[in-house]
Amino acid sequence: MVEKSVAPALELRAVDKRFGSVHANRAISFAVAPGSIHGLIGENGAGKSTLMNIVYGFHRADSGEIWVNGLRVDITSPQAAIAAGIGMVHQHFMLVENFTVLENVVLGVEGGALLSGGLARARAELEKLARDYALDVPLDTVVSELPVGLQQRVEILKALYRGAQILILDEPTAVLTPQEADALFKMLRRLRDEGKSVVLVTHKLREIMVITDRVTVMRQGAIVGEVVTATTSPRELAEKMVGRAVLLRVEKSLAQPGVTLLAVRDLEVRDRLGVARLKGVSFDLHAGEIVGIAGVSGNGQSELLEALAGIRYPVRGSILLGGHDLVREHVGPRERRALGLAHVPEDRLRMGVVASFSAEDNAILGYHDRAECNRGALLDRTAIRQACEEKMAAHDVRPALPTLRISAFSGGNQQKLVLAREIDVDPRVLLIGQPTRGVDIGAIEFIHKKLVALRDAGKALLIVSVELDEILGLADRILVMNAGEIVGELLRADATEEKIGLMMAGVKGEGAV
Amino acid sequence: MSAPAKLPRWAELGLLPLINLAAALILSGVVVKILGESPWAAFKLLASGALGTQEGIGYTLYYATNFIFTGLGVAVAYHAGLFNIGCEGQAYIGGLGSGLVALWLGDSAPFLVVLPVAILAGATFGAAWALIPGWLQARRGSHIVITTIMFNFIAASLMTYLLVNILIKPGQQSPESREFGAQALLPAVHELCAKLGLTFSPSPLNLAFALALLAAALVWVLVWRTRWGYALRVTGQNPSAAVYAGITPSRIVIQAMLLSGALAGCLGLNELLGSQHRILMDFPGGAGFVGIAVALMGRNHPVGILISAILFGALAQGGSQLAFDMPKINRDMVVVIQGLVILFCGALENVFRAPLGALLARFSTAEKNAAV
């Protein structure tokens, strides 16, 4: 190699990896310049995570080479990756929750049988790192007491403490509020300016545009393009990712709200420790409208959804649906479904599906004791399979295999099946938490169109989403939550990102309830 | 990060357990060798003792009957996400129920009345013994592993008290009840065969084996083909999803423990009504614990439980034959072999998974390349 220019901080040459019959990475070659932020974007299942796991030594490539700073390295394990100066921050943090920040950082590199010396050295080193990169974290706080944004910062500190020059972040904003994401981006820019290289793996176009210098697009295990971020547009990237033109925003007509289908009055929910999570929430939901709940995650949206769905019981207030007060009459989730209330939960894998069950068994979750699923004392397997096949065909779930485990489907296809389950029973009111979390762009378009079609068919939809874009794209009316209260209400036409952002921060808006 | 390798179904259910079993037997062979006996001769003795004669087969299936009942009990609880260690105690108390019915009705009522009442009593007593830990788990969050272990001890103490002080046959030294009346005895298979004009060597194998097969079939239907079984499996796999679906996990937990205890409680039908014909001390003889291994190895599926129960039955029967014929090997050695089987098939079941997965993957790609 001729020393014409600086060697790339990280370079992959023809990296190839198969898992059985799946060709996860096809001869991937790309280079990350030192002191840059490089985006790696692609739909779920495009092979991004596999590639990064190869770089970090979790998987071994079948063929191909990895070069760091112009030297070929053989990465056989995460330890080898760390030794080569590569650090990784996973989507799901790898922290010991009941250890302090300091203990977490030195974990595995204590440097001796006795802790005290290592801890003192680490403290000095970390304080220096914190100064250099503006990475302030309270070192003696137990990790479980930190907000998610700070936990992520601990992960970054861990990598830097181990001498990382190249930092890989896998979907880092998936768990962050918009403010926390902004803080993260600021931090990453600082790291770049100090000469570190950052690889940002994501499927969110917006953050690619905001933060990266260059971006590599993957589709079906192969690289389909690499561009300088400043010269591209979200639309162009989306088309490269999906392989066809996509609609980034659904087209819809003006809402025609009808009668009130769901009325919530003065709802108060407390958590196990007795802390009020919802403090007197009241609103109406009308037929033929989509109401979006905006807010920084953790401000009572989850509790609101669960209270409405019957998973949590409020201590005060009422929920009126179909002539019943669901709170006073202690109506459970099953009876609420019978009253025409359907619910797509926020966290699909925690609540919406049973990961080890087949698609067809998941397609009856919550409806398993209905007549159409049973014949006498037994489940009607034939009917269940047929119903699942119909759902898969109508909602474009791929692969259309009812007996396949749900965990073998992509996030988007899982969500389409959950959505199919909840709308095929023809509910009057639909609660939807994070309609497109972990869902790829092609499926987002499909799901958004479905939701608008449901509205036009006269259903009442309540959507909770942490993606402000999604709320702005779908909702006809927007309620903003902060600290367990609804602090503002806006019609879509009056809503701007700035107005909502202020309300999310707790500033009471005009027309506050 | 290292998720267990995904194997094809036939390898997962057939090949892998066989490899694990082979590993356990090889290691047992090493132990036998160290003791100074020939492993091959010991293995032949074990196999022929368990399966070589009609009598051996009879004993093997007789032991297997106990293991099927307790294995099913463990499995039903497992599907609700519960680890029921208490099948030993539930079998003990359940047997008391069946035994009391046999003592009470054995001389007076006809067999066709005694049998269903004895089944009902065994199931009810076993279920009742499981109810308290189940209730404590569901309503108070007391861990089921701890409470069921403790209930094993309570069951043992209670039975000792009852046998020594109340049920003991007057004028007798050993703590046993009097013999059941003739109408309370489950017919042995060799007797049934004789009635049909067939000959089968005498063994304790009795009608309870058929009841165990019936129980296995019922469990399969219940768990995989009914809405209750669906709710059970959802609760076990994902309690949050159960709440979301309108299932009440605490109710399912209690119901699953009731069924689990009822199944284990049926052990007395085989052991007391079928073989011993009286209530005596410690008649479950560890079958409750073997049931855990049986369920584990049988992947908590009735068919798997049937197969592994017969395997453990063969180990029990072949083992006694081995202890009888080889002076250097005693009954404890049989427990060692059982322990090794449990170790390899349960605790270490993933040891051979990754290499096997890699081997099969290489094999299938080689096949594909050859086809091109």
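Predicted model: local features only at pLDDT ≥ 70, side-chain atom pairs only at ≥ 80, totals over all residues.
View 1. A:R270 has A:A276 as its bridge partner, the latter sitting in strand 12 of chain A. The two strands involved are strand 11 (residues 260–270) and strand 12 (residues 276–286), and they pair in the antiparallel sense through eight bridges. Five residues lie between the strands of this hairpin, and A:G274 takes a positive phi there, near 90 degrees.

**View 2. An open, six-stranded sheet in chain A.** Reading across the sheet, you get the order 16-19-20-13-21-22, and the pairing is mixed. Strand 16 (341–344) and strand 22 (485–491) are the edge strands, each pairing on one side only. On average, neighbouring strands here are turned by 20 degrees against each other, if you ignore direction. As a reminder for anyone tracing side chains: in a regular strand they alternate between the two faces of the sheet.

**View 3. Strand 16 of chain A, its parallel partner and a helix lying across both.** Strand 16 and strand 19 (residues 429–433) of chain A run parallel and are joined by four bridges. To get your bearings, look for A:L341, which stands opposite A:V429 of strand 19. Helix 14 (residues 411–423) of chain A lies across strand 16 and strand 19, and runs at about 175 degrees to strand 16.

**View 4. The domains of chain A.** Going by C-alpha atoms, the centres of domain 1 and domain 3 of chain A are 36 Å apart.

**View 5. Where chain B touches chain A.** The contact takes in 16 residues of chain B and 23 residues of chain A. On the chain B side, helix 9 (227–237) and helix 10 (239–244) each supply at least two residues. Helix 9 of chain B gives the most, with five residues. Sorted by class, this side of chain B has nine nonpolar, five polar and two charged residues.

View 6. Leaving aside residues up to four places away in sequence, B:G56 touches B:G49, B:A50, B:L51 and B:Q317. For scale, B:M150 is 94 residues from B:G56 in sequence and 35 Å from it in space, C-alpha to C-alpha.

Definitions and conventions. Residues numbered from 1 in each chain as written. Chains lettered and ligands numbered in written order. Domains from an automatic or database assignment. Contact = placed C-beta atoms within 7 Å. Nonpolar A, V, L, I, M, F, W, Y, C, P; charged D, E, K, R; others polar. Pairing = 2+ DSSP bridges. Axes fitted to C-alpha atoms, helices over the stretch in contact; angles between N-to-C directions.
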